[in-house]
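Here is a short briefing on one protein model. Read it alongside the sequence and the structure.

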Amino acid sequence: MYKLLRALLFRLDAETSHHLTFSLLRFFYLLPGAGAMTRALITRRPTTLPVTVMGLNFSNPVGLAAGLDKNAEYVQPLSNFGFGFLELGTVTPRPQPGNPKPRMFRLPRQAALINRMGFNNVGAGKFLVNLAAQGKPCPLGVNIGKNRDTPLEQAADDYLAVLNSVYRLADYVAVNISSPNTTGLRDLQQEENLEVLLRALKNEQAALANKYGRYVPIALKIAPDLDDTQIAAIARLVLEHKFDAVIATNTTIARPGLADDPRARQSGGLSGRPLKMQATEIIRKLYDRLQGAVPIIGVGGIENAEDAWEKLVAGADLVQIYTALIYEGPCQVQAIARGLAERVRASGCATLAEAVQQSRRARHPSPATETPSSGGDATAGS
Ligand SMILES: Cc1cc2nc3c(=O)[nH]c(=O)nc-3n(C[C@H](O)[C@H](O)[C@H](O)COP(=O)(O)O)c2cc1C
């Protein structure tokens, strides 16, 4: 059924069809019983594959990546797709319109998207009002960023302001320093800049945990376009400052395998299938350095359970999808969770973490692949 709907939606410009789909969904949710109907049609019998990461309990490890629900408007419908968690945002301190349209492009043959949205969002104040009205059907991460017109030297002030705003309602906060569509943002990944930012965020987190009596984990979202030296520096700082997780990765400015495709010449970040291997490679390199001391959320080109498994074995503890939702539809969320649960059962292990560990050992039979300490306590079952 989604194939038919997709054929219609893909006749429209990418951003228009996005807004149309979610506006219709919101309208549909005004009807009584809409949630139950969505669950009956899409989620059916939800797969239970519990995982504990960053001290949070997830009913399954498949989450929604940031950028799709930028303003915390669709929490209920999205949770009914069967996600284990949702990452909302990116939200900035003040509202901003983002880049001129068109700014989102489909590459259907490659199951990919290019976007240069530029953090279009309603700003932290309205975001919070929306979020408070949504309830909490599953763990909710809030992805935070800086406003386009905030100079890089004052970027930390923006992150601290939004961290303060969303702290009370978020289950975790993701610090986005990796979008290619805000000039200079990715320079925050440079060692000296990152050191200052991470220190400021950890100090603020400690003060907020004290104020509210609740510790909210903070994850760092990184780009796939990093060399080994940069990965090493990020891993060192994340360990030193005891960050709670790393999200790898955001979209890429590279065009892997797309050199001859005229559509790929659009500027912006590339997501979906062409990003898959690059993102997995970053996760692998990061895991080599973190060794499970800091959990990794793996994202980039995951289309099915096989891809999700690859990310987990490379070092991830949780996974996220965005582009595959556009190409495959909402049923794909549970298809991935189900496929992972089947892998756990076939492995003979009791938990996802054990099955993943077994697979890591089989691939890299060295002492370096010992138990991850992400708190990845997972149990299989459907
Ligand atoms: C249209 C679009 C908008 C996005 N906006 C954001 C964003 O606001 N913040 C962010 O951290 N990542 C954003 N992303 C990146 C995704 O969260 C994800 O990291 C990336 O798309 C790779 O995953 P995928 O291949 O499953 O799409 C966006 C991606 C797309 C396609």
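Two residues are in contact when heavy atoms lie within 4.5 Å. Leaving aside neighbours within four places in sequence, Thr 323 is in contact with Ala 111, Ala 112, Leu 113, Ser 271 and Gly 272. This is a predicted model: local features need pLDDT of at least 70, side-chain atom pairs count only at pLDDT 80 or more, and totals for chains, interfaces and linings use all residues. Residues are numbered from 1 along each chain as its sequence is written, and side-chain values use heavy atoms, with hydrogens and water left out.

**Overall build**
- The protein has 13 helices and 13 strands; these are DSSP runs numbered from the N terminus, helices being H or I with at least four residues and strands E with at least two.
- The radius of gyration is 19 Å, close to the 21 Å of the globule rule for 382 residues, so the protein is as compact as a globular protein of that length. The radius is taken over C-alpha atoms, and the rule is 2.2 Å times the number of residues to the power 0.38.
- Of the 382 residues, 59% count as buried (under 20% relative accessible area; exposed is over 50%, partly exposed in between; 1.4 Å probe, protein chains only).

**Thr 323**
- Thr 323 lies in helix 11 (residues 323-328).
- Thr 323 is buried, at 7% relative accessible area.

**Helix 7 and helix 8**
- The axes of helix 7 (residues 191-212) and helix 8 (residues 228-240) come within 10 Å and cross at roughly 20°. Axes are lines fitted to C-alpha atoms, for helices over the stretch in contact, and angles run from 0 to 180 degrees between N-to-C directions.
- The two helices are therefore roughly parallel (under 35 degrees; over 145 is roughly antiparallel, 65 to 115 roughly perpendicular, the rest oblique).
- Glu 191, Leu 194, Glu 195 and Leu 198 in helix 7 meet residues of helix 8, among them Ala 233, Ile 234 and Arg 236.

**Backbone exceptions**
- Most residues other than glycine have a negative phi, and most peptide bonds are trans.
- The Gly 89 to Thr 90 peptide bond is cis, with omega near 15°; Thr 90 sits in strand 4 (residues 85-91).
- Ala 248 and Thr 249 are also joined by a cis bond, with omega about 15°.
- Ala 72 has a positive phi near 55° and is buried, at 0% relative accessible area.
- Lys 242 has a positive phi of about 55°, but counts as exposed at 61% relative accessibility.
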